[in-house]
Amino acid sequence: MLLDDHIDDFASFISASPSSFHAVAEAARRLDAAGFTRLEETDEWAATDTARAYVVREGAIIAWVRPADATPTTPFRILGAHTDSPGLKAKPDPRLDAHGWNQVAVEVYGGPLLNSWLDRELELAGRLVTRDGSEHLVRTGPYLRLPQLAIHLDRAANDGLALDKQRHTQPIFGVVGDGSGTEGDILTHLASLAGIDPADVVGHDLITVDTAAPQRFGAGQGLFAAPRMDNLTSVHAALLALLDAPADAPHTSVLAAFDHEEIGSETRSGACGPFLEDVLVRLSGGTATELRRAYAASWHVSSDVGHSVHPNYAERHDPTHHPLAGSGPLLKVNANQRYATDGPGAALWARCCDTAGTTAQPFVSNNTVPCGSTTGPLTATRLGIRTVDVGAPLLSMHSARELVHVRDVVALSGAIGAFFAGA
């Protein structure tokens with residue numbers, strides 16, 4: 001796929017994926033179109049249905065390409081990513097009226113840059129669950145705004161903005177008594193969008209997202225801004241690579257896109273949960289010893305975004321490691337194994353990048369700046385599979401709108417494709 005077509009497709013994927021549930025639905029739609037079989041965890045899986053297939057659990061999806069001659073000891077090549085992003089999540093009862101304004105009661109999900117959510121047109125997106133347990137995807141489109149206090153009322157705003165997570169993060173969407181017909185009840189509005197009875201809605205998982213369209217800009221149109229690139233960048237790159245994964249490889253190629261990475265992954269659809277292990281056990285179909293033999297020959301590439309050097313805050317980066325946007329995907333390293341990369345993992349990623357015609361950029365944190373983490377160490381610990389942490393370099397990570405270079409998006413997908421091909 002040519003660079004321009006790749007980026008256009010990436011923009012379409014982001015626009016279709018305002019929540020983890022929408023991202024999974026869009027990935028499933030693309031897999032269906034490519035002839036993959038959707039399997040249900042509650043069903044028996046016939047061997048004839050598992051060559052190119054996928055399974056969904058909540059806001060997570062695992063898809064794979066399995067060779068026809070696979071045995072219980074056939075190894076796996078797993079690409080791990082995540083579908084969720086930081087933001088503001090609607091509380092169980094989101095109704096909130098204050099001083100004549102209709103608002104949505106929210107709590108902070110993950111670690112967003114709160115100031116980046118100010119003065120943007122936001123939407124709520126996710127799922128509604130009705131009394132019978134059925135789920136309905138829904139999104140409002142531009143509907144909410146978190147207005148900043150005018151500088152006339154806070155003369156010190158430019159000296160340092162501090163937002164109270166309870167008082168200052170509740171978005172507005174109307175004024176009381178404006179005749180909207182929903183009486184300021186956001187759930188009533190969402191139910192009407194989903195075509196269901198509001199009285200039947202008994203649960204929901206809804207998060208805010210910026211509604212401005214993804215945009216290329218800058219010199220040579222090389223920069224790309226969009227919401228939720230942490231970590232839809234990796235999900236999209238891996239999905240494209242899996243669709244082209246060879247069916248005759250000596251391993252099973254797997255995309256595991258988990259939910260809840262931003263809040264620690266300790267859920268049934270997160271990387272700490274059993275989802276991936278459940279799938280791999282069923283695909284192996286052998287004894288516990290045969291499965292461990294398969295694990296011992298397997299590789300896991302954990303792909304999550306990392307930090308490009310910031311020109312205005314270069315002192316926050318390690319002085320000898322300044323990965324630059326547009327110069328290739330990252331190899332993420334941490335002495336305390338907050339990233340799971342080691343020497344053999346670095347060699348694997350170097351081969352993948354060489355095959356894809358790109359260069360890996362090592363990323364390591366400044367010793368005075370605590371290092372983040374991702375799903376790599378979690379999967380390595382749970383399954384004992386060799387793991388390397390990689391990703392695309394970003395600016396504005398955890399902002400409502402993040403920034404990447406278009407070359408890195410394409411290069412990441414190419415390197416993942418080389419991984420699935422056996423580099």
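Colleague: At 30% relative accessibility, what does Glu 58 count as?
Modeller: The model is predicted, and Glu 58 comes out at 30% relative accessibility. Buried requires under 20% and exposed over 50%. The value lies in between, so Glu 58 counts as partly exposed.

Colleague: Which side chain does Glu 58 meet in a salt bridge?
Modeller: Glu 58 sits in the loop between β2 and β3 (60–65), and its partner is 69 residues away, in strand β7 (residues 121–130). The N to O distance is 2.6 Å.

Colleague: How many residues apart in sequence are Glu 121 and Arg 145?
Modeller: Glu 121 forms a salt bridge with Arg 145, with the closest N and O atoms 2.2 Å apart. Glu 121 lies in strand β7 and Arg 145 in strand β9 (residues 144–145), so the pair ties together parts of the chain whose separation in sequence is 24 residues.

Colleague: What reach is expected for helix α1 at 1.5 Å a residue?
Modeller: Helix α1 (residues 3–15) has 13 residues. The expected span is 1.5 Å times one less than the number of residues. From first C-alpha to last, the helix is close to that expectation, which is 18 Å.

Colleague: Which residues have the most contacts inside the largest nonpolar core?
Modeller: That core has 54 residues. Leaving aside neighbours within four places in sequence, Trp 349 is in contact with residues including Val 301, Leu 412 and Ile 416. Those with the most contacts inside the core are Ile 61, Phe 224, Trp 349 and Ile 416.

Conventions: Residues numbered from 1 in each chain as written. Predicted model: local features only at pLDDT ≥ 70, side-chain atom pairs only at ≥ 80, totals over all residues. Heavy atoms only, no water. Core = buried A, V, L, I, M, F, W, Y, C linked by side-chain atoms within 4.5 Å. Buried < 20%, exposed > 50% of the residue type's maximum accessible area, 1.4 Å probe, protein only. Contact = heavy atoms within 4.5 Å. Helix = DSSP H or I, 4+ residues; strand = E, 2+ residues; numbered from the N terminus. Salt bridge = Lys/Arg side-chain N within 4 Å of Asp/Glu carboxyl O.
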